[in-house]
Amino acid sequence: MQSTRFGETILFHVDGGVDVGDVDAKAAHLTVPIDSTVSADDIITNLLKSQVHDSDHQNKLAEFIEALFIMYRELHFVYCEINPLVFNNGKMYVLDMAAKLDEAAAFLSQKQWGNVDFPAPFGRAAFPAELKVKKMDSQT
């Protein structure tokens, strides 16, 4: 999942792992506008049906993706990648996940996020004004 200025895009591809290649080119895409939601049926029809042929797996994946999408929006994520996600003996397992939060939403989600420390952008020290704001934020 990734956020854009117009909504979120959910990508899905049945192949995973380190050798998946160009996911953007291979994956099925489902764009969900900001003022819309997505249902398990939408997910099955637009993402899973052409790649996942087991209906039980389709239903479990669709329910998982729908719940993940709700959490993604409620907690102000801007990116979430699960690779790989596997089935074993009828159960689904997330083996690895990477995610990014929208730092600008900290005032809305700090309690749900817990103690998240956002580092300065890579390769540079914080500017004096950024340090001042950080100090003020820590006191409120």
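Me: What percentage of the 140 residues in the protein is buried?
Reply: The model is predicted, so local features need pLDDT of at least 70 and side-chain atom pairs pLDDT 80 or more, while totals for chains, interfaces and linings use all residues. Residues are numbered from 1 along each chain as its sequence is written, and side-chain values use heavy atoms, leaving out hydrogens and water. Buried means under 20% relative accessible area, exposed over 50%, and partly exposed in between, with a 1.4 Å probe and protein chains only. By that criterion, the buried share of the 140 residues is 24%.

Me: How many salt bridges does a search of the whole structure find?
Reply: A salt bridge is a side-chain nitrogen of Lys or Arg within 4 Å of a carboxyl oxygen of Asp or Glu. Among those found are Lys-60 with Asp-56, at 3.4 Å between the closest N and O atoms, and Glu-130 with Arg-124, at 2.9 Å. The search of the whole structure gives 3.

Me: Which parts of the protein does the pair Arg-73 and Glu-8 tie together?
Reply: The side chains of Arg-73 and Glu-8 form a salt bridge with an N to O distance of 2.7 Å. Helices (H or I, at least four residues) and strands (E, at least two) are DSSP runs, numbered from the N terminus. Because Arg-73 and Glu-8 lie in separate elements, the pair ties together parts 65 residues apart in sequence: helix H3 (residues 55-74) and strand E2 (residues 7-12).
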